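The sequence and coordinates come first, and the description follows.

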Amino acid sequence: MNKQNKEPWFSAKNLKLIKNPLSKENPITVQVLGICSTLAVTAKMQPAIVMALGVTVVVAMSNLLCSLLRNTIPSRIRIIVQLVIVSLLVIIVDQILKAFVYEISKQLSVFVSLIVTNCIVMGRIEAFALSNKPVPSFIDGIGNGLGYGIILLVVSFIRELFGSGTLWGYNVVPQWLYEHGYSNNSLMIMPPMALIVVGLIVWAHRSRNKELCE
Amino acid sequence: MKIVRKFFDNLKPKVAKGSKFYWLHSTVEAFDSFAFVPKTTAKSGAHLRDAIDMKRAMSVVIVAVIPALLFGMYNVGYEHYLSHGQSMAEVGFWQTFWYGFLKVLPLIVVSYVVGLGIEFAFAQKRGHEVNEGYLVTGMLIPLICPPDVPLWQLALAVAFAVIIGKEIFGGTGMNFLNPALVARAFLFFSYPSQMSGDTVWIADKADAISGATALGEMMTGGVQPHYSILDMFLGFIPGCVGETSVVAILIGAAILLVTGIASWRIMLSVFVGGAAMGLTFNLLGSSTNAYMQLPFYYHFLMGGFMFGAVFMATDPVTSSQTNKGKYIYGLLIGIMAVLIRVVNPAYPEGMMLAILLLNVFAPLIDYFVVDSNIKKRAKRWKLVDGGHKDIN
């Protein structure tokens with residue numbers, strides 16, 4: 001590694017790497033990556049948050065590792081090398097989830113192992129880590145993981161509230177509402193509604209940031 | 001009429017640009033062109049295809065659904081008193097109708113207030129005229145709902161249909177799904193326990209008598225619905241407000257066909273498709289699925305097949321535009337509707353899903369029809385001209 005410029009960890013440039021994915025370069029609403037898992041895991045908040053954390057860890061670590069190895073990986077076989085790194089990390093995350101939050105990991109089922117195929121992971125490695133230094137790459141991974149997480153949080157909040165009448169597993173819709181004929185919206189629990197909610201978020205996002213409109 | 005004209009003329013300057021009530025200008029505009037044929041007409045563009053303007057066309061559709069609506073109101077009352085063990089003779093015609101009228105009217109009011117409210121807001125925000133498409137949609141939505149759907153659920157469904165089904169694609173004429181069916185699909189998937197099954201169809205049902213619809217009976221393993229063919233034809237069966245009476249719908253179909261608003265190609269091919277699939281199932285038979293033995297014409301009499309074929313599948317915006325495409329589109333709707341009804345145990349009614357599915361495919365069908373036509377002509381041209389290569 002060349003050590004000529006020592007950038008501080010939280011330089012303006014690095015902070016931007018965290019801030020941009022939260023809004024202007026959001027992996028879900030702007031880059032449109034990782035939609036599959038967004039639709040699959042956001043029916044309840046708990047699994048969504050755990051998933052977001054898992055993805056954040058994997059993106060950050062794989063960005064870091066690939067960035068460290070970026071000058072030694074032959075570019076013709078780089079995808080396979082990246083896959084090995086990502087799978088390794090995903091297996092570790094999977095094992096940790098099984099050890100500490102078994103119930104939630106059961107709910108997430110196959111979607112934890114499917115982090116391997118999450119486009120955000122490969123996308124950030126290809127687009128950022130392979131051409132940047134380890135520290136910014138790591139920060140970029142954190143930023144994109146959080147950007148992914150914030151959308152998951154919003155979507156799962158809406159879906160759990162209207163779909164199950166709960167938040168984080170606790171009942172929030174009062175009983176008298178049910179007695180007056182209110183009922184939960186079961187379309188909200190189905191993945192199609194997640195797509196529509198994400199679409200609405202994209203709509204709101206783009207009408208606020210005009211420069212995002214194509 | 002002159003007074004009305006004068007009223008609008010007086011109103012116009014009050015909502016002109018820059019005045020205090022500018023935010024109401026599209027509302028005034030909408031009511032004005034509802035009452036009078038607008039002075040300005042489209043002179044060019046892809047949407048110019050007929051001498052009458054869209055509002056008149058929509059009004060004809062409204063007229064066409066009126067028989068189904070009136071009968072639906074009557075039937076709501078009829079089923080109600082029937083389930084309470086009172087016969088027609090005791091209650092009398094007008095009281096029966098009045099009961100149904102009071103049940104259905106709130107549905108229509110909610111549908112129009114919510115739908116038009118959203119429509120007006122979008123028109124104002126985007127600075128264009130209020131689209132007239134909602135006139136028909138707003139009438140169709142109550143007709144394809146069970147009479148006792150909770151009003152707040154209906155309001156939600158209408159909002160969903162107008163915003164997600166229509167406005168985000170650019171409003172009337174740009175939607176690729178039939179908005180009325182989007183509303184119904186929303187209700188169907190959101191509140192399944194209240195939308196289908198045997199507990200919902202009759203307003204205020206007495207507990208003693210089960211009010212299963214014909215489709216519901218078939219789903220639970222009936223060999224034939226216990227309603228007589230005549231009852232199903234006339235419409236004295238439980239079901240959504242407007243869908244039960246085949247006669248009333250046929251009157252509407254006649255109005256639509258005579259005025260040329262709806263395409264006879266689509267209607268015909270939907271029935272042909274449904275009959276073909278029904279007959280196929282009869283031939284196949286099945287020891288486990290008694291539904292397959294049901295004579296094909298029962299499919300036309302039960303549920304929303306008739307209503308869907310006449311009023312939903314023929315929606316000029318969401319159906320195929322080419323003549324050949326219309327045949328394919330209609331056939332597939334008929335086939336899919338019967339297929340879903342018979343084979344899929346989760347969905348008693350296949351018409352809604354079949355039409356929505358084919359709505360999605362309609363542009364693709366058109367694309368292939370147009371494409372094959374282009375290829376055919378290119379070939380012909382090549383034969384005559386002796387082989388120009390660079391035609392597309």
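## Exposed loops and buried positions

S109(A) counts as exposed because it has 12 C-beta neighbours inside 10 Å; a residue is exposed if 12 or fewer other C-beta atoms lie within 10 Å of its own, buried if 20 or more do, and partly exposed in between, with C-beta atoms placed from the backbone. This is a predicted model, in which local features need pLDDT of at least 70 and side-chain atom pairs count only at pLDDT 80 or more, while totals for chains, interfaces and linings use all residues. Residues are numbered from 1 along each chain as its sequence is written, and chains are lettered from A and ligands numbered from 1 in the order in which they are written.

S109(A) sits in the loop between α5 (102–108) and α6 (110–113) of chain A. Helices here are DSSP runs of H or I with at least four residues, strands are runs of E with at least two, and both are numbered from the N terminus. Although S109(A) is not a glycine, its phi is positive, at about 40°. V32(A), also not a glycine, has a positive phi of about 50°. The loop that holds V32(A) runs between α1 and α2 (35–41) of chain A. V32(A) is exposed, with 12 other C-beta atoms within 10 Å.

L108(A) belongs to helix α5 of chain A. With 24 C-beta neighbours inside 10 Å, L108(A) counts as buried. Apart from neighbours within four places in sequence, L108(A) is in contact with V41(A), P47(A), V50(A) and M51(A); contact means that the C-beta atoms of two residues, placed from the backbone, lie within 7 Å. From L108(A) to T42(A) the separation is 66 residues in sequence and 9.9 Å in space, C-alpha to C-alpha.

In chain B, P348(B) is found in the loop between α16 (323–343) and α17 (351–385). P348(B) counts as buried, with 21 C-beta neighbours inside 10 Å. Its C-alpha atom is 9.0 Å from that of G303(B), which is 45 residues away along the chain.

## Helix pairs

Two packed helices are described by the angle between their axes and the distance between the axes. Axes are lines fitted to C-alpha atoms, for helices over the stretch in contact, and angles run from 0 to 180 degrees between N-to-C directions.

| Helix pair | Angle between axes | Distance between axes |
|---|---|---|
| α1(A), residues 12–22, and α8(A), residues 134–164 | about 20° | 7 Å |
| α7(B), residues 151–165, and α8(B), residues 179–190 | about 130° | 8 Å |

The angle in chain A makes α1(A) roughly parallel to α8(A), whereas α7(B) and α8(B) are oblique to each other. Angles under 35 degrees count as roughly parallel, over 145 as roughly antiparallel, 65 to 115 as roughly perpendicular and the rest as oblique.

α1(A) passes α8(A) in a right-handed crossing, and α7(B) passes α8(B) in a right-handed crossing. A crossing is right-handed if the near helix is turned clockwise from the far one by less than a right angle, and left-handed if anticlockwise.

On the α1(A) side, the residues that meet α8(A) include L17(A), I18(A) and P21(A), and those on the α8(A) side include I139(A), I142(A) and I150(A). This contact of α1(A) with α8(A) has nine nonpolar, five polar and one charged residues. Ala, Val, Leu, Ile, Met, Phe, Trp, Tyr, Cys and Pro count as nonpolar, Asp, Glu, Lys and Arg as charged, and the others, Gly among them, as polar.

For the chain B pair, A157(B), F160(B) and I164(B) are among the α7(B) residues in contact, and A183(B) and F186(B) are among those of α8(B). The contact of α7(B) with α8(B) divides into twelve nonpolar, two polar and no charged residues.

The largest nonpolar core has 137 residues, of which V58(A), A183(B), I333(B) and I355(B) touch the most other members. Helix α3 (residues 45–68) of chain A gives the most to this core, with 13 residues. Such a core is a set of buried Ala, Val, Leu, Ile, Met, Phe, Trp, Tyr and Cys residues joined through C-beta atoms within 7 Å. Beyond four places in sequence, the contacts of I333(B) are V270(B), G273(B), A313(B), A354(B), I355(B) and L358(B).

Chain B contains 17 helices and zero strands. Of its 392 residues, 45% are buried. Helix α6 (residues 133–143) of chain B is mostly covered, with eleven of its eleven residues buried.
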